[in-house]
Amino acid sequence: MEVNGKDDLKAPLLPSSDSVAVSISRPTSNGDKKTKMIMFKIRGIKCASCSNSIESVLGNLSGVDSVMVSPLEGQAVVRYLPDLISAKTIRETVKDSGFEVDEFPEQDIAVCRLRIKGMACTSCSESTERALLMVEGVKKAVVGLALEEAKVHFDPNITNTDHIIEAVEDAGFGADLISSGSDMNKLHLKLEGINSPDDLTVIKSSLESWEGVNQVDMDVKDHKVTVSYEPDSTGPRSLIQCIREAGGGRNLYHASLYIPTRRRETEKQLEIQMYKNQFLWSCLFSIPVFIFSMVLPMLPPYGNWLDYKAHNMLTLGMLLRWILCTPVQFIIGRRFYVGSYHALRRRSANMDVLVALGTNAAYFYSVYISIKALTSDTFEGEDFFETSAMLISFILLGKYLEVVAKGKTSDALAKLTDLAPDTAYLLTMDDDGNVISEMEISTQLLQRDDIIKIVPGAKVPIDGVVINGQSHVNESMITGEARPIAKRPGDKVQMVIGGTVNENGCLMVRATHVGPETALSQIVQLVEAAQLARAPVQKLADKISRFFVPTVVLAAFITWLGWFVPGDAGIYPKSWIPKDMDAFELALQFGISVLVVACPCALGLATPTAVMVATGKGASLGVLIKGGNALEKAHKVNTVVFDKTGTLTVGKPAVVSAMLFPKFSMEELCDVTIAAE
């Protein structure tokens with residue numbers, strides 16, 4: 001039975017029969033079955049016959065365990081198996097019977113985080129966000145371009161993470177699940193003593209029937225198991241004991257902790273190396289093209305050999321530039337074609353579209369010039385192969401610098417998580433409170449209500465309450481207070497925080513929050529959420545970038561037209577047109593320049609990258625910044641007030657200088673100094 005709060009006292013004792021309230025309970029264990037209970041009010045129940053018909057209809061549904069409908073209050077209580085039927089189906093069935101039921105409340109909303117691959121600019125993140133919001137059951141979706149992550153709020157009764165990932169992939173991007181609501185308490189174990197698939201089946205069934213276990217995923221090949229559980233009901237050591245007992249008391253099976261490889265760090269290093277390699281390969285071809293087109297022709301007689309005609313008017317220099325530029329355009333620059341294809345398939349345009357348009361215009365016009373020179377003995381033209389090759393090289397350099405900056409930010413967050421120790425001393429107590437045994441275990445195996453011993457100089461592994469001993473704890477890394485705080489049983493400040501340092505005494509602490517529930521973990525989550533949140537100026541940039549690419553393409557066409565038509569009509573002097581070029585080539589050069597210069601990389605990436613780096617660096621220095629909104633308003637601050645000594649000072653006054661006046665002797669000065677001390 002739940003305790004009524006202050007808000008409940010204000011509620012009417014007899015609510016209107018037209019009101020609808022829906023609530024969904026936590027899963028409960030019913031033997032080997034996991035059931036959920038849903039309570040809701042139904043409009044339109046006029047007599048007992050109506051309630052009986054609703055009970056009959058719902059009772060016939062596969063997966064419904066029990067149904068009770070009160071005709072007096074108009075309230076239904078349904079217990080069902082979520083694996084067989086969803087709450088949405090139950091609601092729709094009631095509606096089909098001629099009664100009204102409102103939407104489910106927000107508290108039954110699950111949250112998942114996804115790693116998004118292949119986003120190049122703001123247009124990509126906008127497309128991903130729209131694709132996620134179109135999924136039925138998704139309530140809210142936020143996509144961070146700089147962080148390359150998406151945070152999705154969804155109704156687990158309507159959709160799941162598989163459907164969400166599928167929607168992202170249909171939009172043309174890759175997606176990996178980073179975490180979901182059930183991942184907050186997830187245990188990874190390596191199994192030993194497995195001789196056949198039947199052993200894995202036995203262990204899985206034992207875990208699934210264990211109280212508090214939500215989900216069990218088995219890796220048959222590597223003999224690993226991942227268990228999602230409710231920390232209020234069970235814990236890591238209990239689950240390991242469950243696996244041991246699955247062998248029938250003969251200790252056939254054993255389980256040990258293992259830390260899965262951090263895919264994020266591995267993928268980040270691979271991405272950095274990929275862009276570095278692509279840039280170096282691009283330079284290998286682009287630099288010779290640049291030298292052959294811009295440097296050697298200006299240094300006669302060293303560049304005279306480039307004017308040697310291979311066939312008709314096709315020079316050796318033009319042929320070499322064509323050969324060297326082609327792999328840059330189609331092999332190294334393949335990613336821009338792929339990105340353009342997916343963007344155009346989504347009926348949107350991004351940075352890849354602009355790059356592909358600009359480089360292809362330069363490349364294929366140069367091919368046209370080369371073929372015309374090959375087939376003519378009088379034609380003279382200028383190619384733009386160096387424009388295409390150098391543009392791709394510079395953009396790859398920009399992407400490389402961008403991913404390196406992102407990697408440094410994730411390192412700052414990793415330093416935060418390293419504040420917590422790897423091991424802790426677990427005590428076993430008897431009924432009288434005496435210590436029976438002491439064992440050093442991994443902090444990942446700690447559970448709620450465990451008794452932990454913290455020796456002087458050790459870090460606190462969990463959040464908890466001091467039950468024995470007294471000491472001073474340095475909490476500066478969490479609170480900023482430089483002075484150690486006294487800790488003893490019964491004090492108002494008897495709580496200790498994970499990641500802080502015990503200084504001079506031995507403490508016995510009862511764990512209240514472990515794993516992702518500790519204050520330190522919440523700080524890391526706060527910083528990650530701040531990096532994902534959009535600053536107001538970034539929202540403005542996102543709106544602009546949606547129309548930016550079509551506007552740039554139109555501007556490039558108008559630029560080309562504005563130079564070609566007057567040039568062809570002889571409106572401006574012929575001397576403006578460089579030698580070996582005509583009005584069309586000059587106009588095309590200006591049009592390509594507009595496409596190239598106007599790539600919206602900076603527009604979409606400048607703000608989120610700055611916010612991400614600032615929040616990550618601030619977190620590593622002990623300053624928590626709640627997103628770009630706070631950073632954007634920082635310039636308006638003209639006064640900073642500190643509420644305690646120790647934030648700016650160490651709390652230990654010290655003599656910084658001394659001056660002896662002529663009328664005082666050294667002996668008198670020493671006497672006064674000693675008296676003052």
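The model is predicted: local features need pLDDT of at least 70, side-chain atom pairs count only at pLDDT 80 or more, and totals for chains, interfaces and linings use all residues. Residues are numbered from 1 along each chain as its sequence is written, and side-chain values use heavy atoms, with hydrogens and water left out.

**First stop: R321 and D383**

Select R321 and D383, whose side chains form a salt bridge with an N to O distance of 2.8 Å. The term denotes a side-chain nitrogen of Lys or Arg within 4 Å of a carboxyl oxygen of Asp or Glu. R321 belongs to helix 9 (residues 316-332), while D383 sits in the loop between helix 11 (351-375) and helix 12 (385-417), so that distant parts of the chain, 62 residues apart, are linked. Helices (H or I, at least four residues) and strands (E, at least two) are DSSP runs, numbered from the N terminus. R321 and D383 are both buried; buried means under 20% relative accessible area, exposed over 50%, and partly exposed in between (1.4 Å probe, protein chains only).

**Second stop: E438 and K453**

Next, select E438 and K453, which are joined by a salt bridge of 2.9 Å, N to O. E438 is in strand 17 (residues 435-442) and K453 in strand 18 (residues 451-454), so the pair connects parts 15 residues apart in sequence. E438 is partly exposed at 42% relative accessibility, and K453 is partly exposed at 21%.

Move on to E475 and K487, a salt bridge whose closest N and O atoms are 2.9 Å apart. E475 lies in the loop between strand 20 (471-474) and helix 13 (476-479) and K487 in strand 21 (residues 485-487), so parts twelve residues apart in sequence are tied together. E475 is buried, with a relative accessible area of 8%, and K487 is buried at 3%.

Select R113, R115 and E149 together to display a network of salt bridges. The count of salt bridges comes to eight.

**Last stop: helix 9 and helix 11**

Finally, display helix 9 with helix 11, whose axes (lines fitted to C-alpha atoms over the stretch in contact, with angles from 0 to 180 degrees between N-to-C directions) come within 11 Å and cross at roughly 150°. That makes the two helices roughly antiparallel, a term for angles over 145 degrees. Residues in contact (heavy atoms within 4.5 Å) include M318 and W322 of helix 9 and Y363 and F364 of helix 11.

Definitions and conventions: Angles under 35 degrees count as roughly parallel, over 145 as roughly antiparallel, 65 to 115 as roughly perpendicular and the rest as oblique.
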